[in-house]
Amino acid sequence: MEKKVIILTGASSGIGYQTAEMLAKQGHIVYGAARRVEKMDALKQFGVKTLQMDVTIEESVNKAVDTVIAAEGRIDVLVNNAGYGSFGTIEDVSIAEARKQFDVNIFGVAMLTKKVLPHMRKQHSGTIINISSMGGHLTTYFGAWYHATKYALEAFSDALRMETKGFGINVAIIEPGGIKTPWGFIAADHLEVSSKGGAYEEQAKKTAEGLRKLYSGNMMSSPEVIAKAISRATNARRPKARYLIGFGAKPLVFLHTILPTRWFDFIMMHAS
């Protein structure tokens with residue numbers, strides 16, 4: 001297997017942590033990036049090199065990429081994994097919070113990608129892997145802003161793939177379904193807090209309880225499932241454009257495609 005230099009954001013927990021460990025064990029040179037480097041200390045035993053990076057701050061992004069180039073002279077794979085989901089109604093969620101989601105889930109991805117692209121173009125090779133979601137194809141109840149960022153990431157990735165093809169750069173999108181990480185609990189907490197005292201409080205509370213129950217159960221896929229998909233994209237000479245994988249991903253996207261819109265709305269509103 002060809003040893004590759006990899007930058008992986010959001011490496012401090014969940015999918016990012018599992019992926020960093022897996023890729024390092026395969027012999028790749030993995031730079032795990034996160035805002036809190038101390039949360040990645042355990043990855044060092046596998047050979048992962050840690051970087052402090054806040055994807056919403058240009059100076060932080062530039063410093064991290066320059067560090068990798070200075071040490072390795074190249075970047076072969078960029079995994080844009082950092083992101084978060086904050087649920088709440090359009091009426092209740094502040095525009096500041098909505099902007100924050102776009103800053104992390106879209107503009108942070110764009111800023112880091114723009115910094116890495118010149119190096120990949122120079123070496124006429126590279127793979128950019130963006131971690132999207134099945135939520136880039138469909139919308140769940142009370143998830144407007146989160147899904148807006150994932151729909152945007154899908155379009156961004158498609159455009160990037162076409163633009164960079166002539167420079168030998170591959171772009172792949174990983175689209176996880178339900179994965180057993182703290183994501184669901186964080187989304188539920190945000191939903192309850194944002195709706196408290198408002199017109200949507202009662203239904204939002206029920207939906208939050210449903211999210212917690214779902215993510216506490218055993219139906220969700222392990223983060224390792226997604227880590228394996230990222231590994232396949234990393235090691236492939238020509239990765240697939242999309243990897244739709246994990247609990248519920250393929251059935252729900254299929255239903256969204258074939259069902260009348262209002263039927264699918266009904267399913268989403270009563271899923272919890």
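Predicted model: local features only at pLDDT ≥ 70, side-chain atom pairs only at ≥ 80, totals over all residues.
The lining of the largest cavity divides into five nonpolar residues, four polar ones and no charged ones.

The volume of the largest cavity is about 30 Å³, and the count of cavities of 30 Å³ or more comes to one.

Next, the rings. The count of aromatic pairs comes to eight. One of them is Tyr 141 with Phe 142, which is stacked, at 4.0 Å centre to centre and with 15 degrees between the planes. Phe 142 has a relative accessible area of 9%, so this residue counts as buried, the cut-off being under 20%.

Another pair is Trp 183 with Tyr 215, and this one is tilted: 6.0 Å centre to centre, 40 degrees between the planes. Trp 183 sits in helix H5, residues 183–195, and Tyr 215 in helix H6, residues 201–216, so the pair ties together parts that are 32 residues apart in sequence. Are these two buried or partly exposed? Trp 183 is partly exposed, at 22% relative accessibility, whereas Tyr 215 is buried, at 8%.

Both residues belong to a cluster linked by ring pairs, together with Phe 87, Tyr 146 and Phe 185.

Last, a charge over a ring. Arg 121 lies over the face of Phe 167, at 5.7 Å from the ring centre.

Methods
Residues numbered from 1 in each chain as written. Heavy atoms only, no water. Phe/Tyr/Trp six-rings, centres within 6.5 Å; stacked < 30°, edge-to-face > 60°. Buried < 20%, exposed > 50% of the residue type's maximum accessible area, 1.4 Å probe, protein only. Helix = DSSP H or I, 4+ residues; strand = E, 2+ residues; numbered from the N terminus. Lys NZ or Arg CZ within 6 Å of the ring centre and 35° of its normal. 1 Å grid on protein atoms, 1.4 Å probe; cavity = no way out; pocket = protein on both sides within 12 Å on 5 of 7 lines; lining within 4 Å. Points joined across faces, edges and corners; volume = space filled by probe spheres on them. Nonpolar A, V, L, I, M, F, W, Y, C, P; charged D, E, K, R; others polar.
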